[in-house]
Amino acid sequence: MDFAIVLQVLDGALRLMTPLLFACLAGLYSERAGIFDIGLEGKMLMAGFAAAAVAAVTGNVWLGLVAGIGASVALALLHGLASITFRGNQLISGVAVNFLAAGLTVLLGQRLFQLGGRTPSLGGEARFGPVTLPFAETLRDVPVLGPIYAELISGHTVLVYLALACVPLTWWVLFRTRFGLRLRAVGENPASVDTAGVSVTRLRYQAVIICGILCGLAGAYLSTALAAGFVRDMTAGRGYIALAALIFAKWRPAHALFATFLFGLMEAIANRFPNIDIGPITVPSMFMNALPYILTVIILAGFVGRAIPPRAGGEPYVKER
Amino acid sequence: METMPKWADLILTPLISLLLAFAISGLVILAIGENPWEALKVMVTGALGSSYGWGFTLYYTTNFIFTGLAVAVAYHAGLFNIGGEGQASLGGLGVALVCLSLPWPGWWLALPAAMIGAALFGALWALIPAVLQARRGSHIVITTIMFNFIAAALLNYLLVNVLRPVGSMDPSTPRFPAETHLPSISDIMAGFGVSWGQHTPANVTLIVALIACLLVWMLIWHTRLGYEIRAFGKSEPAALYAGISPTRIIITAMMISGALAGLMAINNVMGEAERLLMNSVEGAGFIGIAVALMGRNHPAGVLLAALLFGFLYQGGGELALWTSIPRELITVIQALVILFTGALDNMVRMPLERLFLARRRRGAR
């Protein structure tokens, strides 16, 4: 395997990890605040559709991005309404959000474009283009580091860099700000936050909205940067893989970067080499596709370190009267 | 103190939730520029207007009874089994292996054997998440979701690389031998001299499903195990104090749940396709969630809810055929039913409770 192929695979991994990273961080905010969210998939899907649809109609990808975030936040608020205000079952609400998005995107897509749930393919200003970092071309000829800089680090869309920047940002918000401290506290022991005179409801809604924004970015990236347009069910389980990455990362931002890169790498390898020959046996591509899920189950089983979720996760908070 | 009479809790709240879900579905149809009333007429005519429509409706109903019961049994133990989809597809594998491995003399022997295969494979697929929940505390919702994906990958592999007959391009098993063909409802009706539902996939599995409803009802409310399952689901510490082993209940309840989901395969794999296809479950495992929620986890409720979703599913297919409304409308309705009867239950319940409380106060005065 030569250097160029390694670079190609790593480059693919970086592209494929971006939606996972956004969604994983989205789940991180929500679950750290005590709101389980298995609706990441649905929010991404809805955002992907809204972003591609608006970008296709207006020809402006930034308007598409705004629409994608808006659609995702709307679903996030629905989840918040069910799980915070009406103290419903957060898991059931998440399932509902996923189906709602799966159905609505096709219904609206068919109504708007009559392409069987697809949006027209995007090009030019309606799609995020690659950003060439400074000196990428001049440094290309430097041995080893040159191609790494020019091929791997430069030439991605702006959203890829934004996703990477979100990791330290999330760490800083969660562990170095007052808001972050309260957010983590509300996921561990909401009663103590309430006693301190801080509104649990307000904090949890804030977390859910941040989750919506990040899922919106993930979905918009899928349909307007990674692909050129929306196709039905295009998230293809990425929301669940992000959820898996979140558990893998034990609800920590830096670990999330590592976990999503690992899962992105698996997908990139599976794309590049459908069947891998290791001497006598051939590893089928299906195994590579299932590997993130298998790894998550192993992690959950506690065989490789223990993943302990935020303590108050999944439980609605009932204020004492 | 009970704030609401029992009938209001069991019938009124789900009914209002359902009406809300349908009202919003109607608005969605309006929003995509179609007439909800016309759409409803197409659905009713297509699904219930002829014995042909009924044949399909009852076929789908059979699927949803099994997956709905699967979710309901786990729910009584306080476990949310989202893995019905994976368990049902593994059930399909069990059915295929049974049907293809031995020369069966007739369906009457192949059916019980296939049922055992389906239930066993479904139960085993639920066993791993159950053991992980019971022994290692891993969240069953996440593990069952992961197992759905692993099941899809596994079947994909088996159908493409192992079970596919030589020379066939189709990722599926060979056709099952003719001796394993299950009698359809129309065959049974023809035996009585009645022409009903010709060329429809509804088959004898429907009767198995109805028996399953009865057995689940007996299990949950009339056996010691059922009592333990319910006690555990209501309060784990109380059950533990009463000497009920959480490990045993989690594993037993999940295996029964998985077996029920797996049994669906005798309807769609053995009864309809007569070979194992890729993605044979087609989302029925997930519809089971909506069915169980709407049916309040009671077998009678599950039966009614499964019939409703059978109607919606067949009606949705007719809509896609005769109008420009895609069949994904059913996914939206399914989502709204889950949302209103499941997650937003309190939104309907709280005002109703207030209403009944006010009435009672007035009555007491």
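**View 1. B:R296, a partly exposed residue of the predicted model.** In this predicted model, B:R296 has 18 C-beta neighbours inside 10 Å and therefore counts as partly exposed, since the buried class requires 20 or more. The residue is placed in the loop between helix 12 and helix 13 (299-322) of chain B, and its phi is positive, at about 50°, although B:R296 is not a glycine. Most residues other than glycine have a negative phi.

**View 2. A:R87 in a loop of chain A.** The loop that holds A:R87 lies between helix 3 (61-85) and helix 4 (90-113) of chain A. Here too the residue is not a glycine, yet A:R87 has a positive phi of about 50°; because 17 C-beta neighbours are found inside 10 Å, A:R87 counts as partly exposed.

**View 3. Helix 9 of chain A and its kink.** The 27 residues of helix 9 (residues 200-226) of chain A should span 39 Å at 1.5 Å a residue, and the 37 Å between its end C-alpha atoms agrees with this. A kink of about 30° is centred on A:A220, and helix 9 of chain A is mostly covered, with 21 of its 27 residues buried.

**View 4. The contact between chain A and chain B.** Chain A contributes 38 residues to the contact and chain B contributes 36 residues. On the side of chain B that touches chain A, at least two residues each come from helix 5 (107-136), helix 6 (140-162), helix 12 (284-294), helix 14 (329-343) and helix 15 (345-364) of chain B, with helix 6 of chain B giving the largest share, eleven residues. By class, this side of chain B comprises 24 nonpolar, nine polar and three charged residues.

Methods. Residues numbered from 1 in each chain as written. Chains lettered and ligands numbered in written order. Predicted model: local features only at pLDDT ≥ 70, side-chain atom pairs only at ≥ 80, totals over all residues. Contact = placed C-beta atoms within 7 Å. Helix = DSSP H or I, 4+ residues; strand = E, 2+ residues; numbered from the N terminus. Nonpolar A, V, L, I, M, F, W, Y, C, P; charged D, E, K, R; others polar. Expected span 1.5 Å × (residues − 1). Bend = angle between axes of the 7 residues up to and from the residue. Buried ≥ 20, exposed ≤ 12 C-beta atoms within 10 Å, placed from the backbone.
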